[in-house]
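Please look over the sequence and the model shown here before reading the notes below.

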Amino acid sequence: MADLSPAEQAGQLLWVGLDAGATRSSLDDLITERHLGGVVLLGGWHDGRASIEPTTGHLAGLASESATAGLGLFVAVDQEGGAVQQLQGQGFDDMPSAIEQGGLTDRELTRDATQWGEQLAAAGVNVNLAPVADTVPESLGTANEPIGQWYREYSHRSGKVADKVAAFIEGMHAGGVAATTKHFPGLGRITGNTDLTATGITDEETTTDDPYLDPFAAGIEAGTDFMMIGTAIYSQIDPDVNAAFSHRIVTDLLRDQMGYDGVVITDDVGNAVSVADVPVGERATMFIAAGGDIVLTADPGTVPTMTEAITTEMDDDAQFAELVQAAVTRVVELKIDRGLAECG
């Protein structure tokens, strides 16, 4: 960490989306010149492992001393199952939805998730942006647009969700892939999809001692590698502030109260309508100031503004610079743990 320039530090805190319709080299300059820490495969890659390996291999090959300070890239994908399975075709199982996975025993889910993890690892993916730890109350069901509409929840009971989250993480780790518990502190009680709207995204029920937090606690206990913060609003915790920008949620609740000291990542803050009114650069700096680490943007065009906002704020505010250094340290430690860097 001590050897990284401010620009390299900022880059390690940015992940960018690579769409399935883009060429594999379309982000090369952005990744190498901005020293980015990771890439997320977006848009549905449905032609099997053989069509994906050239892209993941190319991305991995971009890591170098000059481009990424010798740190390997996180290559991530949403591979939950059901309607949210980005990688499909030969080499990948057809994964059942989370609600169907919830019908398996914990042992069966760990067994299956191990196989799914092995398939991701074989394709050059080292991070799964799953499992979903959101609990959707049965009374809301499919009226919950981000989760329930697509059967992305394991159960309508938070205790059962907690068990499945832990089982899924255990399987991903056995398969050689990092896991991401999402979307803290839960999207199950809203109606609007934060990717698509800024209305219907206020949760008026969830509190800091809510049972719906139990699946996230289970993810922490199971050793989740990342905790993803959503962009909904929680009026009982921090009114009028999107969760990703809330110190009360990221630091006071997740880190201090629940004891999570790992890497915290945003849900998409590049294209998400829920944060469209927030200036692009501030989406990055506000998240880091709240106690977060990695900013995920599906829009490559936002990366220069975000990285420059981070380095400018580092130069202007010594306390913010310390937060960046702490965040980068967590990221580098995880990269060492996942075999993407060496210590010493």
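## Basis of the model

This is a predicted model, in which local features need pLDDT of at least 70 and side-chain atom pairs count only at pLDDT 80 or more, while totals for chains, interfaces and linings use all residues. Residues are numbered from 1 along each chain as its sequence is written, and side-chain values use heavy atoms, with hydrogens and water left out.

A pocket is an open set of points on a 1 Å grid over the protein atoms alone, where a 1.4 Å probe fits, with protein on both sides within 12 Å along at least five of seven lines; lining residues have an atom within 4 Å of a point.

## Second largest pocket

The second largest pocket holds about 270 Å³ of space. Among its lining residues are Met 1, Asp 3, Glu 65, Val 332 and Glu 342.

## Thr 55

Thr 55 lies in helix 3 (residues 49–60), a helix being a DSSP run of H or I with at least four residues. Thr 55 counts as buried because its relative accessibility is 5%, where buried means under 20% relative accessible area (1.4 Å probe, protein chains only).

Methods
Grid points are joined across faces, edges and corners, and a volume is the space filled by probe spheres set on the points. Helices (H or I, at least four residues) and strands (E, at least two) are DSSP runs, numbered from the N terminus. Buried means under 20% relative accessible area, exposed over 50%, partly exposed in between (1.4 Å probe, protein chains only).
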